Amino acid sequence: MEVILADYLGFCYGVKRAITIARENASADGTACTLGPIIHNPQMVERLKREGVGSVDRLDELRHGTVIIRSHGVGPQVYDEAERRGLGIVDATCPHVKKAQISAKLLVEEGYHVVIIGEREHPEVKSIFEWSNGQAEIIETTAEADALKTWAKLGIVCQTTFSGGKFREIVTHLVEKSREIKILRTICTATDQRQAAAMELAANVDVMLVIGGKNSANTTRLAQLCAKQCKTYHIETADELQPGWFDKIEKIGITAGASTPDWIIKEVYKKCQNR
């Protein structure tokens, strides 16, 4: 049985940067905490906890110390509240997310009605929305694009981990909604690379394993895309592998989301090779 890794998989630049920043600010006394999980990978979050980087859901849970802004970003009011509480602030927001946030802010200031293409419940999308001063509309589907009112000026930004193909499809439905449209394609190139590499590999294997947090949007998207090509399993760790998945299988493909650490990928790869 042949086991093949996708050309692009695992940690992206923004995630590596966030993990490095978190580790640099670790505190043995538990006063360094991320606001929400720093990335969408439970195993990495647990490892950071053991290294001295905790996690809180609300700022009022942290009486003193340092709050680390996670890779998905937060709205401007969070920075203001942290300052009022006298907390130290360390910003690990992914630079690509930061670009999307600032893009939404500037479009509003320039008089555009802003549309965010993305998953409305995703923390990154929520942060972009907050940087638009709560004035943007969030659209996930072409049906929602069709239902949008017409506007004199329409500005478009996108969740950095959104599907490039789905983004283009939704935009074709939005171009008729205004005579003046400004499109800022804020999808990260790492997302495009991982999706393209995963789909190419999935078309040439019998089974795909997609590794990453079940709460990770970009990993879930990879699994959805691969499933269109072949039998696909979305797993978080090697412990989830089932013997029956590999009966009469000649080729297994492996990819991983942008928040999946190398050590988990290696464990899955090794376990597949030893079958």
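Predicted model: local features only at pLDDT ≥ 70, side-chain atom pairs only at ≥ 80, totals over all residues.
Which residues line the second largest cavity? Residues are numbered from 1 along each chain as its sequence is written, and side-chain values use heavy atoms, with hydrogens and water left out.

**View A. The second largest cavity is lined by Thr-191, Arg-194, Gln-195, Asn-218, Leu-222 and Ala-258.** A cavity is a set of points, on a 1 Å grid over the protein atoms alone, where a 1.4 Å probe fits but cannot get out, and lining residues have an atom within 4 Å of a point. Helix 8 and helix 9 each give two or more residues to this lining; helices are DSSP runs of H or I, at least four residues, and strands are runs of E, at least two, numbered from the N terminus. Helix 8 gives the most, with three residues. The volume is about 50 Å³, taken as the space filled by probe spheres set on the points, which are joined across faces, edges and corners.

**View B. The largest cavity has a volume of about 260 Å³.** Of its 23 lining residues, Cys-12, Val-15, His-72, Thr-161 and Asn-218 are the closest to its centre. Helix 8 gives the most to this lining as well, with three residues.

**View C. Helix 9 (residues 217-227) is largely enclosed by the rest of the structure, because eight of its 11 residues are buried.** Buried means under 20% relative accessible area (1.4 Å probe, protein chains only). Among the buried residues are Asn-218 and Leu-222.

Technical notes. Buried < 20%, exposed > 50% of the residue type's maximum accessible area, 1.4 Å probe, protein only. 1 Å grid on protein atoms, 1.4 Å probe; cavity = no way out; pocket = protein on both sides within 12 Å on 5 of 7 lines; lining within 4 Å.
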